[in-house]
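Please examine the model shown below and keep it in view while reading.

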Amino acid sequence: MLNLGTIGTGWITASFIEAAKHSGKLKVTAVYSRTEEKAKVLADTYNAAHFFTDLNEMAGSMAIDAVYIASPNSVHFEQALLFLKNKKHVICEKPIFSTTAQLEEAYRTAEENGVFLFEAIRNIHTPNFAILKENLHLAGKIRSTVLPYIQYSSRYDAFLQGEVPNIFSAEFSGGALVDLGVYSLYLAVGLFGKPEKVAYHPVVLHSGVDGSGTLVLTYDGFVCTILCSKISHSEIPCEIHGEQGTFVLEDAAPISKIQFLDSHTKKSQILSVEQYEKDMVYECINIADIIENDHQDRYEELKNWSKVVLEITEEARRQNHIIFEVEK
Ligand SMILES: NC(=O)c1ccc[n+]([C@@H]2O[C@H](COP(=O)([O-])OP(=O)(O)OC[C@H]3O[C@@H](n4cnc5c(N)ncnc54)[C@H](OP(=O)(O)O)[C@@H]3O)[C@@H](O)[C@H]2O)c1
C-alpha cells in the first residue's frame, strides 16, 4: 500500500481519493490546501491523518510516498519538481505540464531521485482501452478517425459574465485542447502512435486560449480528427473507420461502450465490458502496480505517450500563437 498526499481541494481531488480507496492500492494519509480550514475539512472527510498548508513540509514528510497533484495546470511543474526532489512519486493531473521542456526536466529529476512521474489520464488505463487496442486489427486498414470531446463547461458561464476562470486563462495554462482534447489525443497516440503531421484550427477566446478547436493528425494512409470544445455541447460518438469495419465509442473518456460494425457482413457486436463508473480506479491500480513492481517497460510506454501528447499540444498552440504565461 502506498501512502499518498493530495494537492488541491476541487471535486476532482475528492474523486481521486475515492478511487484511490477503491483501488485498495493507495491510501491518502495527507492533504494540502493553501487554506487551513479547507485542508482540515478534506482530511476529516477522508480520514487522512495529516493536513498541511505548507507544501515544503508535506514534500519532506515521512507520512507520504507519493503525491497526487490537482492544482491549476500552470503550477503543476513547480509542485511536481518539489516532490520529485524529495523522492516522492508524483501523479499529476492532465495536462501534466505546460511545455515539453518542463516535462523533460521533470522526468530527469524523477530518474535522478529514483522515483516515478505519471500524468493522470483516466481512459488509457481502463479494460475497455485494452480491448480496443487488442481488437483494432478487426477494422483492417484504418482510413479515418474522428475523436470528439465536446462538453460545455459551467465555468464558461462565468467567462461570459466577464470573469476568467483558470481553465480559460493563459496565465493558468488553460484551453480546450489541453483540458479535454488530451483525452482524445491519448487515444490517438495510444492506438496509432506519433502522427506525421499536426494542424490545429482553434476558436481563440479573448483570454488568449482556445475555447474550442479541430486538431488534424496526419498518419500514414489516414487522418485523425480531434474535435474539442468547452463552449458547446455534442453527443457525437468517437469513430474509427477501417476498410473492414468501424469502431464506435460512446465517449473518449470514460470509454464505456465499444461497438464494432463489420462493413461486409453488416453485423455489429459490443466488445466493451462493464467498468467501474469512476474509471480513475484503473489509473490508481495501474500506477500503484508500476511503482510497487518497478514495471519499467510500462512506465516507458506511458512516458512516451505523455511526451508525444505534449509535443502535439505545444505544436498546436505554436501554430496559433496561443502562448501561456509561463512561456513569456
Ligand atoms: N481527470 C479528470 O477527470 C479531471 C477533471 C477535472 C480536473 N482535472 C484536472 O485537475 C486539475 C485541477 O482542476 P480544477 O478544475 O480543480 O482546478 P482549479 O479549481 O483551478 O484549482 C484546483 C485547486 O488548486 C488550488 N488552487 C487554486 N488556485 C491556485 C493557485 N493560483 N495556485 C495554487 N493552487 C491553486 C485550490 O485548492 P486550495 O485552495 O485548497 O489550495 C483549488 O481547489 C487540473 O489540472 C485539471 O485539468 C482532471
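**A guided reading of the model**

In strand E10, Ile 226 is the bridge partner of Leu 215. Residues are numbered from 1 along each chain in the order in which its sequence is written. The model is predicted: local features need pLDDT of at least 70, side-chain atom pairs count only at pLDDT 80 or more, and totals for chains, interfaces and linings use all residues. Helices (H or I, at least four residues) and strands (E, at least two) are DSSP runs, numbered from the N terminus. Two strands pair if DSSP finds at least two bridges between them.

E9 and E10 pair in the antiparallel sense, over eight bridges. Their hairpin has two residues between the strands, and in it Gly 221 adopts a positive phi near 95°. E8 and E9 are likewise joined by eight bridges and run antiparallel; here Ala 199 stands opposite Val 216 in E9. The hairpin of E8 and E9 has five residues between the strands, and Gly 208 takes a positive phi near 100°.

These strands belong to an open sheet of eight, in the order E8-E9-E10-E7-E11-E12-E13-E14, with mixed pairing. At its edges are strand E8 (197-204) and strand E14 (268-270), each of which pairs on one side only. From one strand to the next, the twist averages 10°. Helix H8 (residues 176-192) packs on this sheet and touches strand E7 (142-150), E8, strand E9 (210-219) and strand E10 (222-229). The direction of H8 makes about 155° with that of E10, where axes are lines fitted to C-alpha atoms, for helices over the stretch in contact, and angles run from 0 to 180 degrees between N-to-C directions. Elsewhere in the sheet, strand E12 (residues 245-249) and strand E13 (residues 258-262) run antiparallel and are joined by five bridges; Phe 247 has Phe 260 in E13 as its bridge partner.

Ile 150 lies in strand E7. Is this residue buried or partly exposed? Ile 150 is partly exposed, because 19 other C-beta atoms lie within 10 Å. By definition, a residue is buried if 20 or more other C-beta atoms lie within 10 Å of its own, exposed if 12 or fewer, and partly exposed in between, with C-beta atoms placed from the backbone. Leaving out residues up to four places away in sequence, Ile 150 touches Leu 227, Cys 228, Ser 229, Ser 232, His 233 and Ser 234; two residues are in contact if their C-beta atoms, placed from the backbone, lie within 7 Å.

A second open sheet is formed by six strands in the order E3-E2-E1-E4-E5-E6, and its pairing is parallel. Strand E3 (50-52) and strand E6 (117-120) stand at the edges with a single partner strand each, so one side of each has no neighbour in the sheet. The twist averages 25° from one strand to the next. Helix H4 (residues 76-85) packs on the sheet, touching strand E1 (2-7), strand E4 (66-69), strand E5 (89-93) and E6.

In a regular strand the side chains alternate between the two faces of the sheet. In E5, His 89, Ile 91 and Glu 93 point one way and Val 90 and Cys 92 the other way, and all are buried. E4 and E5 pair in the parallel sense over four bridges, and Ile 69 stands opposite Cys 92 in E5. The chain crosses from E4 through H4 to E5 in a right-handed β-α-β crossover; the term applies if, with the strands pointing away from the viewer, the path from the first strand over the helix to the second runs clockwise. E5 and E6 also pair in the parallel sense over four bridges, with Cys 92 opposite Glu 119 in E6. The chain crosses from E5 through helix H5 (residues 100-112) to E6, and this β-α-β crossover is right-handed.

Ile 96 lies in the loop between E5 and H5. Ile 96 is buried, because 27 other C-beta atoms lie within 10 Å. Beyond its neighbours within four places in sequence, Ile 96 is in contact with His 76, Leu 103, Glu 119, Ser 306 and Leu 310.

Finally, 19 residues surround the ligand, and the closest are Gly 8, Thr 9, Gly 10, Ser 33 and Glu 93; a residue is near a molecule if its C-beta atom, placed from the backbone, lies within 6 Å of it.
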